[in-house]
Amino acid sequence: MTTYSNTADNELVRLFCAGQNEAFDELLLRYKDRLYSYLTFYTKNDDMADDLFQETFVRAIVTLRQGRYQETGKFYAWLTRIAHNLLIDQFRTEKNEPTIYEDGKENSWQGLTQLSVKNHESEMANEQILRDVRNLMDHLPDDQREVVYMRFYQELSFKEISDITGVSINTALGRMRYGIINMRKMAERHHITLSSE
């Protein structure tokens, strides 16, 4: 059995298009966790995230099989762009349908200030900060939240963010800047300390 663990993404794509299905299995293995995390972050719904996750990979396979894949950068950025477009379609559909939402913890400020209790153990403090940042991100406007998440949690470059979201690099940078400013304001307003020191 051939192992593809050290093979570059673009070579895996070439091999898959040439009929070696195991090459796509390696791409799936590499990016499934990051992509699923991206989808669950935005949907806050495991079932919806599962559906969108599968649809993303189905569309990727179809595009590759049809020879329509244009290599313009990293494979993961391309995959995320497919997921991003599916998310937009999903939210457009939801806006046109009456939906019952359960009022849950994701949009609640209750308990947020308790999360800022200082802890002397740095590991726990860092985990606390990550939770606080995630909570604050949930309250940003959609466009700012998206850029902050892609930059800090997916470690994408601004060029990749620009390609995925379809905005200029300057717009992506601006959204990041305003997102950070807004998160700082919210942290101050709710007495959240975003520092482990």
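Modeller: A note on terms before we start: helices (H or I, at least four residues) and strands (E, at least two) are DSSP runs, numbered from the N terminus. This is a predicted model, in which local features need pLDDT of at least 70, side-chain atom pairs count only at pLDDT 80 or more, and totals for chains, interfaces and linings use all residues. Residues are numbered from 1 along each chain as its sequence is written, and side-chain values use heavy atoms, with hydrogens and water left out.

Colleague: What does the protein average in pLDDT?

Modeller: The average is 77, and 76% of the residues score at least 70; pLDDT is the predictor's confidence in each residue, from 0 to 100.

Colleague: Where is confidence lowest, and where is it highest?

Modeller: The lowest mean, 65, belongs to helix H5 (residues 122–137), and the highest, 91, to helix H1 (residues 9–17). Over residues 98–123 pLDDT stays under 50. Where pLDDT is low, the predicted coordinates should not be read in detail.

Colleague: Now the loops. Where is glutamate 155?

Modeller: Glutamate 155 sits in the loop between helix H6 (142–152) and helix H7 (158–165). Its phi is near 55°, a positive value in a residue other than glycine.

Colleague: Is glutamate 155 buried or exposed?

Modeller: Glutamate 155 is exposed, at a relative accessible area of 66% (buried means under 20%, exposed over 50%, partly exposed in between, with a 1.4 Å probe and protein chains only).

Colleague: And what is the phi of lysine 44?

Modeller: Phi of lysine 44 is also positive, near 55°. Lysine 44 belongs to the loop between helix H2 (21–43) and helix H3 (46–65), and is partly exposed at 37%.

Colleague: Changing topic: how many salt bridges does a search of the whole structure find?

Modeller: The search finds ten, a salt bridge being a side-chain nitrogen of Lys or Arg within 4 Å of a carboxyl oxygen of Asp or Glu.

Colleague: Which residue does arginine 145 meet?

Modeller: Arginine 145 meets aspartate 142, at 2.7 Å from N to O. The two are three residues apart in helix H6, so about one helical turn separates them. Arginine 145 counts as buried at 13%, whereas aspartate 142 counts as exposed at 54%.

Colleague: What does arginine 175 pair with?

Modeller: Arginine 175 forms a salt bridge with aspartate 143, the closest N and O atoms being 3.5 Å apart. Because arginine 175 lies in helix H8 (residues 169–189) and aspartate 143 in helix H6, the pair ties together parts 32 residues apart in sequence.

Conventions: Contact means heavy atoms within 4.5 Å.
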